[in-house]
Amino acid sequence: MTPIFVTSSGTDIGKTYVSAMLTRELRAYAIKPVVSGFNDKTFPDSDTAHLLAAMGEPVTMDHAARVSRWRFKAALSPDMAAAREGAFISFDDLIAECVAASHAHDPLIIEGVGGLMVPLDETHTVLDWMQELNIHIGISPLLVVGSYLGTISHTLTTLDVMQRNGLGPRVIVVSESENAPVPLEETMSVMARFSGNVPLRALPRDGRIRLEEFFHDKN
Ligand SMILES: Nc1ncnc2c1ncn2[C@@H]1O[C@H](COP(=O)(O)OP(=O)(O)OP(=O)(O)O)[C@@H](O)[C@H]1O
Ligand SMILES: [Mg+2]
């Protein structure tokens, strides 16, 4: 199965929630190679810990290092968080890490970091990461968006950039935001008018959806 890359229109939208759900559903291996805002105290509630739990793996620091090789303390974009520690993310190593994971695990879910165009270093964004991986191993992009005020423009902008770069998502998951100003269905129906033929799936608060069908075909 082609590795699934979970990206988003921003941070704190639902990538981990969806990645963990999909990991359980597909009995997949999941990685989140780059994580910021990570420290010993916050570890149990980190993306890394949620993914380990979804895989049924022990939630320990040893295992964390395998799921998230680049971990930074500051809750900032990865380039800034790394710089605070005098570190940097080697783009080539990041690609090599994901390629190796794809050889070792099938199905594989890769959670990106932040939104689609968050910088990873001086010259690369998550979009570059996805493009490079797509060249090396091929990826199935999954776009997770919210239902907060402003999401329609954020979603359509992200979608447009993905499609222009050959990374059109298999499916867009609209994860209901806390305090969304309108019902999820209303946001969905407006998005659907502008999102062409990309399927949209509603994910209510604390809800579940089956996504398997989007990733088992066309491989
Ligand atoms: N559909 C949902 N139902 C309930 N809670 C949700 C849902 N979607 C997201 N959340 C919650 O919202 C918070 C942010 O979601 P999540 O951690 O998945 O975002 P993210 O996009 O992975 O953020 P980051 O950019 O930090 O990786 C989490 O506490 C998560 O459990
Ligand atoms: Mg996350």
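A: Happy to. Helix α1 (residues 15-26) and α2 pack with their axes 8 Å apart, at an angle of about 15°. Here axes are lines fitted to C-alpha atoms, for helices over the stretch in contact, and angles run from 0 to 180 degrees between N-to-C directions. Because angles under 35 degrees count as roughly parallel, α1 is roughly parallel to α2. Helices (H or I, at least four residues) and strands (E, at least two) are DSSP runs, numbered from the N terminus.

The model is predicted: local features need pLDDT of at least 70, side-chain atom pairs count only at pLDDT 80 or more, and totals for chains, interfaces and linings use all residues. Residues are numbered from 1 along each chain as its sequence is written, while chains are lettered from A and ligands numbered from 1 in the order in which they are written.

On the α1 side, the contact is made by T16, S19, A20, T23 and R24; α2 brings D47, H50, L51, A54 and M55. Two residues are in contact if their C-beta atoms, placed from the backbone, lie within 7 Å.

Helix α2 (residues 47-55) packs on it, touching β2 and β5 (108-111), and its direction makes about 175° with that of β2. The sheet is open, with six strands in the order β2-β5-β1-β6-β7-β8 and parallel pairing; two strands pair if DSSP finds at least two bridges between them. At the edges sit β2 (29-31) and β8 (200-203), each pairing on one side only. Further along, four bridges join β6 (residues 140-145) to β7 (residues 171-175), and V145 has V174 as its bridge partner in β7.

Note on methods:
Angles under 35 degrees count as roughly parallel, over 145 as roughly antiparallel, 65 to 115 as roughly perpendicular and the rest as oblique.
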